[in-house]
Amino acid sequence: MKSIPGGLGDKMEDWVELMHQTGQRLRVRFRSVKCIKKRAKSMARTIQMNSHADIDEQIEEVKQNASRPKQSNKADSKRKDRVERRLAALIMFEGGDAVISNK
């Protein structure tokens, strides 16, 4: 990305790329609408609806309610046990209570 000088600081043009992608999605979505005015109005309405804070909150709420709770798996519990054992061994080593054995 190229920096654009000026303003409060150097700004990246990431927002430009995002707008290009958004515009492309809208063009694909409304390409079958023949009337240019209807197409423009529909695109503007979609942009407005997608940028409304209340709608964003509702979408997140629906996603949270629709998703299943995260289930623990064996790898997570094994990892947790391993970390606890390592921490206990480190504490013993630092306290001088550890015994080093060669197998």
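Author: One term to begin with: buried means under 20% relative accessible area, exposed over 50%, and partly exposed in between, using a 1.4 Å probe and protein chains only. Buried residues make up 6% of the 103 residues in this chain.

Reader: Thanks! Where do the numbers come from?
Author: This is a predicted model, where local features need pLDDT of at least 70 and side-chain atom pairs count only at pLDDT 80 or more, while totals for chains, interfaces and linings use all residues. Residues are numbered from 1 along each chain as its sequence is written, and side-chain values use heavy atoms, leaving out hydrogens and water.

Reader: How many helices and strands does the chain have?
Author: The chain has 4 helices and 2 strands, and along the sequence the pattern is β-β-α-α-α-α. These are DSSP runs numbered from the N terminus: helices are H or I with at least four residues, strands are E with at least two.

Reader: Which backbone oxygen lies 2.9 Å from a polar atom of the Thr-46 side chain?
Author: That is the backbone oxygen of Ser-42. Ser-42 is in helix α2 too, and is buried, with a relative accessible area of 12%.

Reader: What does the side chain of Ser-42 reach?
Author: The Ser-42 side chain reaches the backbone oxygen of Lys-38 at 2.8 Å.

Reader: New topic! Where is Phe-93, and is it buried or exposed?
Author: Phe-93 is in helix α4, residues 74-95. Phe-93 is exposed, because its relative accessible area is 54%.

Reader: How far does α4 reach?
Author: α4 has 22 residues and reaches 32 Å from its first C-alpha to its last, close to the 32 Å expected at 1.5 Å a residue. The expected span is 1.5 Å times one less than the number of residues.

Reader: What comes just after α4?
Author: Just after α4, Gly-96 takes a positive phi of about 85°.

Reader: Last one: how much of the chain's accessible surface belongs to carbon and sulfur atoms?
Author: Carbon and sulfur atoms account for 56% of the chain's accessible surface of about 10000 Å². Accessible areas come from the Shrake-Rupley method with a 1.4 Å probe, and for residues, only the protein chains shown count as cover.

Conventions:
A polar contact is a pair of N or O atoms within 3.5 Å; within protein, one must be able to donate a hydrogen and the other to accept it, and residues adjacent in sequence count only if both atoms are side-chain atoms.
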